[in-house]
Amino acid sequence: MRGWTRRDALWGGVALATVGCMPKTPPLTASSPMKVVLAGVLAGKKAKVRALPEGVQRRLEKALSARKLTPSVLAMDALKEPLSKRRETPQRLAWLADNAGGAEAMMLVELEAFYDTQIQGRMRWTVRGTVSIGEVGAPGAALQRSVDTAVFLQFLHQAEAEAATEAATTIERAANRLLDDWLRVDG
Amino acid sequence: MLLSSLLLSAVLTGPAHAGRAQVTGYLRAGARPDFQGAGATLGYWNLYGRLMNEGPYAMIELDYDIIEREPMSKEPWTDLHFRVEGGAISRASSDGSLGGFLTSQLYVRGGNVLLPDVTWQVGTLDRFLGDLGLYDMRPAQIFFETVGASALWERPRFEWLVGFGDSGFFVNPQAYSTILTPGTLFRVKVLDQLEVGGGGMYRYEPEGQGNVNAPHQTPGLDYESWIRGEAVQTWMQQNPNRAIDFPNPESTDAKSGKLVGYLGTGGYGPVIWNNLFVSWEKVHPQTTSTEWYEGSEYTLYVHDFTDQRTVFLVGDELQLRVIPGRFDIAWGGLYGRHKDGDNAIAPTDHARTYMSTVWRGQVYITDTVHWLTETSIAKEVSENGNMYREHYDSLFANTGGRPDTRGLENGDTDTRYTWQGKAGVVLNPLGKGIYSRPSLRFLYGAQYSNQNNAFGNSFVETIDQYNAFGNVERHWHHVLSLETEAWF
């Protein structure tokens, strides 16, 4: 068998460069920087909502920042009681509009995660929820996009937070699409 | 079972919640151009790592939520699961027939009924404490073959399953006989970084006089003659002209069971998680075997010849995040010992020891483009003499290199060594992670074994002088794999 030649190395480099240079579409951006209050909650079997896992939260903030939208994150301490009590999206949006802290827009991410079944060595979970974006002054006109996806965890000890993290790519894409749709008209 | 399921559904159906259907499943499929024209798997089985050693497979499950679970609620919920699975992809097996698929799971669950945090399940009961992903093995699994009812009590740091059912449908599908199967399984999260689990199940097949499918033993048979397939012939020779007196089977009961243990730890330093599983199983005795003698078929009842088979397994898998976001590894080990107290003379799969280690590393070139490398080394030892053939012309070589045409051995060595290496590009649309799926893989694999042609094949093995195809000495095996694997 012949050894590696310089030509082989060159072709390998070209292949890697091709992968690295895949065209990426830049996101739409706001016409001017805008402060957006971001509230995200995750619900499951427990009686109260909890914070979004860090992996999901970071991607949402990145989605906002990439569009010249400055995220102002509401801490879980402020969200836990009111959003555990208010369980419907319009109720939560109305509360968020009243507690936006001077932001011009608001983004609400509500996720639920449920264990389904064991399949082929994995634990199947369903992650579903709603991503909403709108102006603080008009919570009833917020745009919404649903998320409903299955994820497959490796370990039994993993629960709602790990399921949501596993769905982070899907949630991020839903948020990106929603933000682009919103900015295209209202941005 | 169906009646119970319907009753459970009826009891739970009340509030006006819309039903919700989901389809879930698993598949692996692809092409495996085989440079040696063999069976398109790199080696014989997944002791050398599941990758490139398993064939195509598909599994599809309907999950119908009759009453959906509500978040932050203790309200009753119920769902129905129906799973079909098999390996008949294109014409890879069963000639592509849907008959190659099995209805493997069918159950109805109800949660928060009678007791909060308890899920009742009626139907199939399969449950495991985790998976050795590198091997596609689940040593800590119970109720795989059981249909019945179970209750699973789940708390944040504790879960406990108790079940009872019948394994007769699965163990003896063509000759059903009740196999009562109680069992239990628990898992405790001691710390966030440590959990333990264990459990077991017991199978009891009662004596059933008059039931041809119940366990029996045909008396007067000799074990060695039986394993040679000559038990009837031997009896007839010892009892000439007394065919009519061939002994009737004597009824007995059959017992078997399984114990499992689990230790999980992780979430510190580079350790993502480590799963250690151990299991000991007493295999359920075989009911019958058949022999032909002078044009007649004889059914032999062989409970006493097959009631001392055990399987001991220890498996471990460690996942490490070596360079966060750039390089992860998974490292597994497996030890298995199969013993057969009835058989001290013939090499079989019930009398062997094996051990292996599998290492997989994955480099993340980008979020979705990865480079995979896997290697494994394995040793398999037959406890009852030679079982493997090292050379194509060693058909007549037995212990000491001497031919033994009446010997029970097969081959010229009792030990098989196997090395495998696999590497290639993996596309993972959902991002980083050794077990991120779906995966589209483009791999090359090589195997070296001391056994000749140690992979599934249709090669001519005879060294008869009229063999028109010839024989080949081949210890290396090379395979390309263009494959995909997904849970969905």
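**Figure 1. Helices α2 and α6 of chain A, whose axes come within 9 Å and cross at roughly 25°.** In this predicted model, α2 covers residues 54–65 of chain A and α6 covers residues 168–186 of chain A. An angle under 35 degrees counts as roughly parallel, and α2(A) is therefore roughly parallel to α6(A). The crossing of α2(A) and α6(A) is right-handed. From α2(A), the residues that take part in the contact are Gly55(A), Val56(A), Arg59(A), Leu60(A) and Ala63(A), and they meet Ala168(A), Ile171(A), Glu172(A), Ala175(A), Asn176(A) and Leu179(A) of α6(A). Sorted by class, the residues in this contact of α2(A) with α6(A) are seven nonpolar, two polar and two charged.

**Figure 2. Chain A as a whole, with six helices and six strands.** Read from the N terminus, the elements of chain A follow the order α-β-β-α-β-α-α-β-β-β-α-α. Chain A is more spread out than a compact globule, because its radius of gyration is 20 Å, whereas the globule rule gives 16 Å for 187 residues. The C-alpha trace of chain A spans about 70 × 45 × 25 Å along its principal axes. Of the 187 residues in chain A, 43% are buried, and among the contacts in chain A with a separation of 6 or more, 68% are between residues 24 or more positions apart.

**Figure 3. The contact between chain A and chain B, which takes 25 residues from chain A and 31 residues from chain B.** On the side of chain A that touches chain B, at least two residues are supplied by each of α1 (6–20), β4 (105–119), β5 (122–135) and β6 (143–153) of chain A. The largest share of that side, six residues, is the contribution of β4(A). By class, the side of chain A that touches chain B holds nine nonpolar, 10 polar and six charged residues.

**Figure 4. Chain B as a whole, with four helices and 24 strands.** The radius of gyration of chain B is 25 Å, which agrees with the value near 23 Å that a compact globule of 488 residues would have. Taken along the principal axes, the box that the C-alpha atoms of chain B fill is roughly 75 × 60 × 40 Å. Buried residues make up 37% of the 488 residues of chain B, and 64% of the contacts in chain B with a separation of 6 or more are between residues 24 or more positions apart.

**Figure 5. The cis peptide bond from Arg437(B) to Pro438(B).** The omega angle of this bond is near 10°, and Pro438(B) is found in the loop that runs between β22 (415–427) and β23 (439–449) of chain B.

**Figure 6. Met72(B) and Asn241(B), residues other than glycine with a positive phi.** Phi of Met72(B) is near 55°, and this residue is placed in the loop between β2 (57–67) and β3 (77–86) of chain B. Because Met72(B) has 14 C-beta neighbours inside 10 Å, it counts as partly exposed. For Asn241(B), phi is near 60°, and the residue lies in the loop between α4 (231–238) and β13 (250–251) of chain B. Asn241(B) has 7 other C-beta atoms within 10 Å and is therefore exposed, as a residue with 12 or fewer such neighbours counts as exposed.

Definitions and conventions
Residues are numbered from 1 along each chain as its sequence is written. Chains are lettered from A and ligands numbered from 1 in the order in which they are written. This is a predicted model: local features need pLDDT of at least 70, side-chain atom pairs count only at pLDDT 80 or more; totals for chains, interfaces and linings use all residues. The radius of gyration is taken over C-alpha atoms; the globule rule is 2.2 Å times the number of residues to the power 0.38. A residue is buried if 20 or more other C-beta atoms lie within 10 Å of its own, exposed if 12 or fewer, and partly exposed in between; C-beta atoms are placed from the backbone. Two residues are in contact if their C-beta atoms, placed from the backbone, lie within 7 Å. Axes are lines fitted to C-alpha atoms, for helices over the stretch in contact, and angles run from 0 to 180 degrees between N-to-C directions. Angles under 35 degrees count as roughly parallel, over 145 as roughly antiparallel, 65 to 115 as roughly perpendicular and the rest as oblique. A crossing is left-handed if the near helix is turned anticlockwise from the far one by less than a right angle, and right-handed if clockwise. Ala, Val, Leu, Ile, Met, Phe, Trp, Tyr, Cys and Pro count as nonpolar, Asp, Glu, Lys and Arg as charged, and the others, Gly among them, as polar.
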